[in-house]
Amino acid sequence: MSPSPERREELLATAAEVFAALGYNATTVRKIADAAGMLAGSLYYHFDSKESMLDEILSTFLDELWARYEGVLAAGLGPRETIEALVTESFREIDRHRAAVAIYQKESKHLRTQPRFGYLADSQVRFEKAWLGTLERGVAAKVFRADLDIRLTYRFVRDTVWVAASWYRPGGQHSPEEIARQYLSMVLEGVAVRS
């Protein structure tokens, strides 16, 4: 009898929380099993290693993120609307995969040097291309300021959005869409009162 997909998802969610809290290197199979309320050996019934758990957590998150980003990029929106939609989808992903985003933030630089996690480097290139291309398109269309340092703007928006995984909790006071609206207001309009 094979394990149920629901149980597998529960175990991956537990593993993601442990990885996010402790870091990949400090996380042991025993710590994941303890958090899941099972014996360490029983975890091997579902996964062959902690690396395979991490791989599934990150690849699931990135596959979903890219499906949503590709939908935005293919929608034929203007540059501002594309940025707004990418930011909104990013916050929705933080809502759905907060622990995976936190792991990605902490671990991807180290992990992407390993062959099994080479897709992390590929995703980073795609991510830059999508955001930088949209910002460049906005400058060319005179939707964004001509004096904008595109790469600096990209890094600011990227870091401002994704660091939210460190404090955001699903089911909190604000929905992902509300947080995205506030962030976009600050990024696109600033925080100073206009005279």
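Me: How much accessible surface does the protein have, and what share of it belongs to carbon and sulfur atoms?
Reply: This is a predicted model. The accessible surface of the protein comes to about 10800 Å², and carbon and sulfur atoms account for 54% of that surface.

Me: What percentage of the residues is buried?
Reply: Of the 195 residues in the protein, 43% are buried.

Me: Which elements is it built from, helices or strands?
Reply: The protein has nine helices and zero strands. Read from the N terminus, the order is therefore α-α-α-α-α-α-α-α-α.

Me: What are the spans of the C-alpha trace?
Reply: About 65 × 40 × 30 Å along the principal axes.

Me: And what share of the contacts with a separation of 6 or more is between residues 24 or more positions apart?
Reply: Such pairs make up 69% of those contacts.

Me: Let us turn to α2. Which of its residues are buried?
Reply: Helix α2 covers residues 29–36, and Val29, Ile32, Ala33 and Ala36 are buried there. Viewed down the axis of α2, these buried residues fall within an arc of 100 degrees, so they line one face of the helix.

Me: Which exposed residues are on the face turned away from that buried side?
Reply: That face of α2 carries Arg30 and Asp34, both exposed.

Me: What covers the buried residues of α2?
Reply: The cover includes α1 (5–22), α3 (40–43) and α4 (50–73).

Me: Which residue follows α2, and what is its phi?
Reply: Gly37 follows α2, with a positive phi near 70 degrees.

Me: A change of topic: where is Gln124 found?
Reply: Gln124 is in helix α7, which runs over residues 118–140.

Me: Why does Gln124 count as buried?
Reply: Its relative accessibility is 15%, and Gln124 counts as buried because the cut-off is under 20%.

Me: Which residues is Gln124 in contact with, leaving aside neighbours within four places in sequence?
Reply: Gln124 is in contact with Tyr104, Arg112, Tyr154 and Arg158.

Me: Which other residues of α7 are buried?
Reply: Besides Gln124, the buried residues of α7 include Leu120, Phe127, Trp131 and Leu135. Among the elements that cover the buried residues of α7 are α4, α5 (79–96), α6 (98–111) and α8 (150–162).

Me: How far does α7 reach from its first C-alpha to its last?
Reply: With 23 residues, α7 reaches 33 Å, close to the 33 Å expected at 1.5 Å a residue. Just after α7, Lys142 has a positive phi of about 60 degrees.

Notes. Residues numbered from 1 in each chain as written. Predicted model: local features only at pLDDT ≥ 70, side-chain atom pairs only at ≥ 80, totals over all residues. Heavy atoms only, no water. Helix = DSSP H or I, 4+ residues; strand = E, 2+ residues; numbered from the N terminus. Buried < 20%, exposed > 50% of the residue type's maximum accessible area, 1.4 Å probe, protein only. Contact = heavy atoms within 4.5 Å. Areas by Shrake-Rupley, 256 points an atom, 1.4 Å probe, with all protein chains shown as cover. Arc of directions from axis to C-beta. Expected span 1.5 Å × (residues − 1).
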